[in-house]
Amino acid sequence: MGKSVYTCFCTDVIHEGHINLINEAKKYGDVTVGVLADEAMVRYNRFPSISVEERIELVKGIEGVSNVVVQNKIMYDEIFEQLHPDYVIHGDNWSAPSMQAIHENLIALTKKYGAELIEVPYTRNERVAKIDKQMREKLAMPEFRRGRLRKALKICPIVKTIEVHSGLTGLIAEKTVVVDGENVDQFDAMWISSLCDSTDKGKPDIELVDMTSRFRTIDDVMEVTTKPIIFDGDTGGLTEHFVYTVRSLERMGVSAVIIEDKTGLKKNSLFGTEVEQTQDSIENFSAKIAAGKRAQLSDDFMIIARIESLILERGMEDALTRARAFVKAGADGIMIHSRRKEPDEILEFCDKFRAEDKETPIVVVPSSYNTITEAELAAHGANICIYANQLLRAAFPAMENAAKSILTHHRAKEIDSELMSIKNIITLIDEL
Ligand code: SPV
Ligand code: MG
């Protein structure tokens, strides 16, 4: 019997590097190519821009490929169990932490199954670099980025969303990857928080930072990222203004705006009933949502209604009544918020809402009830989990600590070991 060779592709574009890999593979036997499934692609920072069926067709078209299968996980365990390949062929680009984990996985599996790992030099030239750049460009452009949240909602068990308020925090959201045993993980989306956007400018979170300035933050983030953006639209302002905001956000390539059912001078929800806050009427807020939906031009954009009944201690029934009304008015999702330490009321809302509405996405913000895991929230029907302020809260004490140390010691030596090295900071931002 002939020998079998396996390789996995996680790409939407075939370039000479892939052809080279297949040509090498052919020398060892019959070539099977695994096409990485959508669920695994997104964990790997390769958001698919074409469907898995289209990727299969693409690979089938390469001369020398005998079989095409779908590889469901980033790691190769299932593939070895199913196919028992004699050889696995892979480029030698092992430097990223996720690639190191894959390398270790392949070394262990080839040993276990008596197979051989063939490493071929990764093709690096201007043409391949240009194709990579074009792929990234496609992901970053408004048309594609806007629809990416709806796609992520279909692919991800829960869309993990991190707060960003600048280009730098955008880069953290875009690039941070953790490898934990066999799992590679990263964030799926970004939240432009009113609290963090305002705080970063030294302003209170009371709709004081104007839209032009908020849009400027979005632009800074978009310059350096490709992931979808969910915009914190506060109350949405006057309906007559909100319709223009919807159009601007859509045009920029933002995926969703979340507006909260409050009126008058908005204060941050985490104050709860400690400050005066007025909830909007169901009628007014429904009319605002409906006007936003009418103004919207694309099918991709989402207007998500945020319900403040639990924050303002108006009870579960009020929250559910509002959720029903806002969905009826056209809301594409419901955000339910709570500032309790325990997640009980959020889970009760999710369970009750899901019992009557299986489709409408639920958004949760576990800032105060932070012991709950993403998997537990997903099990109760939540679809988007927003970590709304953690990056800013991490930065402030670290910066204050550095300032205090310099003032205390009258020099910067004592704090230096806690800081990013000068070499790393000057090379942190990639040059074009
Ligand atoms: C924000 O991040 O600005 C929010 C979420 O609106 S919260 O601060 O929890 O109200
Ligand atoms: Mg806010």
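**Close-ups of cavities and a metal site**

**View 1. The second largest cavity sits between two domains.** Domain 1 (4-133) and domain 2 (142-388) both give residues to the lining, so this cavity lies between them; the domain bounds come from an automatic or database domain assignment. This is a predicted model, where local features need pLDDT of at least 70, side-chain atom pairs count only at pLDDT 80 or more, and totals for chains, interfaces and linings use all residues. Residues are numbered from 1 along each chain as its sequence is written, ligands from 1 in the order in which they are written, and side-chain values use heavy atoms, without hydrogens and water. The volume is about 60 Å³. Among the lining residues are Phe47, Arg148, Asp188 and Lys227.

A cavity here is a set of points, on a 1 Å grid over the protein atoms alone, where a 1.4 Å probe fits but cannot get out; lining residues have an atom within 4 Å of a point. Volume is the space filled by probe spheres set on the points, which are joined across faces, edges and corners.

**View 2. The largest cavity comes in at about 160 Å³.** Of its 18 lining residues, Leu195, Asn268, Arg306, His337 and Ala388 are the closest to the centre. The whole structure has three cavities of 30 Å³ or more.

**View 3. Ser194 and Asp232 hold the magnesium ion (ligand 2).** The donors, Ser194 (OG) and Asp232 (OD), sit at 2.1 to 2.2 Å; donors are N, O and S atoms within 2.8 Å of the metal (3.2 Å for Na, K and Ca), and with water not among the atoms, sites may look incomplete. Both Ser194 and Asp232 are buried, meaning under 20% relative accessible area (1.4 Å probe, protein chains only).

Notes
On a 1 Å grid over the protein atoms alone, a cavity is a set of points where a 1.4 Å probe fits but cannot get out, and a pocket is an open set with protein on both sides within 12 Å along at least five of seven lines; lining residues have an atom within 4 Å of a point. Buried means under 20% relative accessible area, exposed over 50%, partly exposed in between (1.4 Å probe, protein chains only).
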